[in-house]
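Here's a quick tour for anyone meeting this structure for the first time. Have a look at the picture, then read on.

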Amino acid sequence: MQEEQEQSQPLSLLDDIGALYCEEEEDDDASSACNNGGNPFFPLDQDLFWDDEELLSMFSKETTQHKVVPAPDTINGADEFLAMARCVAVEWVLKVNARYGFTTLTAVLAIDYLDRFLTSFRFQSDNKPWMIHLAAVTCLSLAAKIEETQVPLLLDLPDEDTKYVFEAKTIQRMEILILTTLKWKMHPITPLSFIDHIIRRLGLKTHLHWEFLKRCEHLLLCVISDSSSMHYLPSVLATATMMHVIDQVEPFTPIDYQNQLLDVLKIKKERVSECYNFVVDVSNKQSQKRKISRAPSLNRVFQNVVVASSHS
């Protein structure tokens, strides 16, 4: 009788995400786990009070650690220079991070260090681009040393397409400058902190949890590549990112799941709405880029037509 009452209770977001993925996944084990009425995502008997304490701690730390950059009313030369230089630097960080197989957290930490370092100084439009690139190389080096078990030599970090090559001693001196500027706070609260919190509350018992995490990580890297992400706190970025992933997984009834996610994270929808629109915009741009990269060029199509005509 007790079991029947438990099964009749409404499922929470953390239970229902499993059902969302069951509709997409064809894996027999995953489908059987969902169809058998199991609770593959969220162990309801875990200490929820402890989870709330962790959330409160993260909220408190992010407000003291992160300096949110307000969106300027007008873009001046220095702002435009910084945005363009940051874009190039972050693109390099993600490229090298992927080449060495570093974790997503390493990339997120490197970009976090870079943003906090850049906002500590007033950059002018006449600053040399190599200065920010040196900062990017150094931030990735620091993040790798903190997060990775195997770290390449400093001289091996730049790839073949890098315009600037720095000596190891130059990077080491820059490491001291960045560490001092950041006051040696190298374990900040990041959007991944909140995504990880939700993933751990899901239980991580099947590959479905890892699929949800993978989607969130991929979208988050696209989001923080845009300099506008500096306008939002990590908790807001993480929530907006997870909301959009839910929107992609369940296009028909995403609002219920999104509202439950907001309840779990204790964040009001008004705080996230602007960032959510930003995340959606970034996601749409990335989708458009993928479509363009996959589409054959007109020259190639024309060449194929010419070749086919010559053989006919």
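Helix α10 passes α11 in a right-handed crossing (a crossing is right-handed if the near helix is turned clockwise from the far one by less than a right angle, and left-handed if anticlockwise). This is a predicted model, where local features need pLDDT of at least 70, side-chain atom pairs count only at pLDDT 80 or more, and totals for chains, interfaces and linings use all residues. Residues are numbered from 1 along each chain as its sequence is written, and side-chain values use heavy atoms, leaving out hydrogens and water.

**How the helices pack**

- The axes of α10 and helix α11 (residues 234-249) come within 9 Å and cross at roughly 120 degrees; axes here are lines fitted to C-alpha atoms, for helices over the stretch in contact, with angles running from 0 to 180 degrees between N-to-C directions.
- That makes α10 and α11 oblique to each other (under 35 degrees counts as roughly parallel, over 145 as roughly antiparallel, 65 to 115 as roughly perpendicular, and the rest as oblique).
- On the α10 side, the residues in contact include Phe212, Arg215 and Cys216, and on the α11 side they include Leu237, Thr241 and Met242 (contact means heavy atoms within 4.5 Å).
- Helix α10 (residues 207-224) also packs against helix α6 (residues 104-118), at an angle of about 20 degrees and with the axes 11 Å apart.
- So α6 and α10 are roughly parallel to each other, and α6 passes α10 in a left-handed crossing.
- Thr104, Ala107, Val108 and Ile111 of α6 meet Glu217, Leu220, Leu221 and Ile224 of α10.

**The whole chain**

- The protein chain has 14 helices and 0 strands (both are DSSP runs numbered from the N terminus: H or I of at least four residues for helices, E of at least two for strands).
- Out of 312 residues in the protein chain, 44% count as buried (buried is under 20% relative accessible area, exposed is over 50%, and partly exposed is in between, with a 1.4 Å probe and protein chains only).
- Among contacts in the protein chain with a separation of 6 or more, 82% come from residues 24 or more positions apart.

**The nonpolar core**

- The largest nonpolar core has 75 residues, and those with the most contacts inside it are Tyr113, Leu114, Ile195, Met242, Cys275 and Phe278 (such a core is a set of buried Ala, Val, Leu, Ile, Met, Phe, Trp, Tyr and Cys residues joined through side-chain atoms within 4.5 Å).
- Helix α7 (residues 129-147) supplies the largest share of this core, 10 residues.
- The core lies between domain 1 (76-182) and domain 2 (191-292), because both give residues to it; the domain bounds come from an automatic or database domain assignment.
- Leaving aside neighbours within four places in sequence, Phe278 is in contact with residues including Val223, Tyr232 and Leu237.

**Loop residues to look up**

- Lys183 sits in the loop between α8 (168-181) and α9 (191-202), and its phi is near 55 degrees, a positive value in a residue other than glycine.
- Lys183 is exposed, with a relative accessible area of 63%.
- Trp184 is found in the loop between α8 and α9, has a positive phi of about 60 degrees although it is not a glycine, and counts as exposed at 57% relative accessibility.
- Glu148, in the loop between α7 and α8, counts as buried at 16% relative accessibility.
- Not counting residues up to four places away in sequence, Glu148 touches Phe102, Thr103, Thr106 and Ala143.
- The C-alpha atoms of Glu148 and Thr106 are separated by 7.5 Å, although these residues are 42 residues apart along the chain.
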